[in-house]
Amino acid sequence: MASNVGAREIVQAWGRILTGYRPNISIEITRECPLRCPGCYAYGDDHLGGGVTLRGLADYKGDELVQRFMALVDRHHPLHVSIVGGEPLVRFRELGQILPQLEERQIHTQVVTSAVRQIPREWAAFPRLQMVVSIDGLQPEHDARRTPATYERILKHIEGHKITVHCTVTRQQVRREGYLGEFAEFWSRRDEIRKIWFSLFTPQHGTECVERLTPEDRISVVNQLAKLRRVYPKIYMPEVVLQGYLNPPASPEECVFSKTTECVSADLVTQITPCQFGGEPVCTECGCIASAGLACFSKYKIAGVLPVSSIFEFSQRIGEFSRRIEQRVGAMSAAAN
Ligand code: SF4
Ligand code: SF4
């Protein structure tokens, strides 16, 4: 997901791409979640491409999870790890061992949670950890969708932390005047909140749902957010993201975020494609904040001529080529030994 990325991180990410690796990895650490949110993509029938679903996948616990998780990270050596679920806090004991190891490796980490249980206080000491709490609108709507992770519990469970609030904007929210402003006002007032993110609901092909935004809704959200970010500075909504929401990638092939992020499910093997949503997301209606930021960035032209996307594709091809060579050399020396 989006964060304040500096020049050093961009150079490091480019380095990873040139050596055939993706700079980001998103890992569904468990198949379990005590919530049953309507419209949850992780538990959709097609999330893992049909056949097996997240609930049907084997997952791990205890030391075995810690070892397998770290082995996966070490194989990919990413710059950024996003830990999602299911509900990651179901595995808070294992995370208590994993997070210090990620910190030691200087990896920026994000844990995306419903805050259905207490976030361990000691995690607040990790400088590279970002806790992101998903909150689906104001209390009445949120509690109806996300019990038992109610407002009351969230407020208790985030005490002692500095978290990022993440709200996925739906049609219902856009159509109630002042809704997003009330949301921003409520969460901005709290000391525990460092940032507020708004992403937009991303539908799947072949499904109709009440959350889906029309093109007019999308324009309305962008206009509202452009005003709200000035009133509530905790809202993280750079212009590039707003522009990205208005011009999403046409397909996964054009999505820089999808191409730079490896997504792995709870057995720590199964890949989620084309991006963290899995299934067949409608890219032209994508509302992912990270994808939106990178989409706009990739359209910039260096010296007014060469689009960043062309350099990116070229770099990726070089990376794939050098990684293939590296694998061949590795296989040849293994055979020679
Ligand atoms: S908390 Fe997340 S993983 Fe669990 S049901 Fe809700 S949306 Fe799905
Ligand atoms: S849905 Fe969004 S994040 Fe996923 S591949 Fe399409 S554009 Fe990228």
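Strand S6, residues 193-200, is mostly covered, with six of its eight residues buried; a residue counts as buried if 20 or more other C-beta atoms lie within 10 Å of its own, as exposed if 12 or fewer do, and as partly exposed in between, the C-beta atoms being placed from the backbone. The model is predicted: local features need pLDDT of at least 70 and side-chain atom pairs count only at pLDDT 80 or more, while totals for chains, interfaces and linings use all residues. Residues are numbered from 1 along each chain as its sequence is written, and chains are lettered from A and ligands numbered from 1 in the order in which they are written.

The protein chain contains twelve helices and nine strands, where helices (H or I, at least four residues) and strands (E, at least two) are DSSP runs numbered from the N terminus. Of its 337 residues, 37% count as buried. Among contacts in the protein chain with a separation of 6 or more, 76% join residues 24 or more positions apart; a contact requires C-beta atoms, placed from the backbone, within 7 Å.

S6 pairs with strand S5 (residues 163-169) in the parallel sense over seven bridges, pairing being assigned if DSSP finds at least two bridges between two strands. Within this pairing, Val 165 has Ile 196 of S6 as its bridge partner. Leaving aside neighbours within four places in sequence, Val 165 is in contact with Val 133, Ile 135, Trp 187, Ile 193, Ile 196 and Trp 197. Val 165 is also listed with Ala 115, Met 131, Val 133, Val 169 and Phe 257 as having the most contacts inside the largest nonpolar core, which has 67 residues. Helix H11 supplies the largest share of this core, five residues. Such a core is a set of buried Ala, Val, Leu, Ile, Met, Phe, Trp, Tyr and Cys residues joined through C-beta atoms within 7 Å.

Ala 115 has a positive phi of about 60° although it is not a glycine. This residue lies in the loop between S3 and strand S4 (129-134) and is buried because 24 C-beta neighbours lie inside 10 Å. Gln 106, likewise not a glycine, has a positive phi of about 60°; its place is the loop between helix H3 (92-104) and strand S3 (108-113). Gln 106 is exposed, with 9 other C-beta atoms within 10 Å.

Cis peptide bonds are found at two prolines. The bond from Thr 147 to Pro 148 has omega near 10°, and Pro 148 is placed in the loop between helix H4 (139-146) and helix H5 (151-157). The bond joining Thr 273 and Pro 274 has omega of about -5°, and Pro 274 is in the loop between strand S7 (261-264) and helix H11 (289-299).

Two ligand shells were examined, a residue being near a molecule if its C-beta atom, placed from the backbone, lies within 6 Å of it. Around ligand 1 are Cys 33, Leu 35, Arg 36, Cys 37, Cys 40, Ala 42, Tyr 43, Gly 85, Gly 86, Glu 87 and Ser 114. This shell comprises six nonpolar, three polar and two charged residues, with Ala, Val, Leu, Ile, Met, Phe, Trp, Tyr, Cys and Pro taken as nonpolar, Asp, Glu, Lys and Arg as charged, and the others, Gly among them, as polar. Of the 15 residues around ligand 2, Cys 255, Cys 275, Pro 281, Cys 283 and Cys 286 come nearest. The shell around ligand 2 holds twelve nonpolar, three polar and no charged residues.

Conventions
Two residues are in contact if their C-beta atoms, placed from the backbone, lie within 7 Å.
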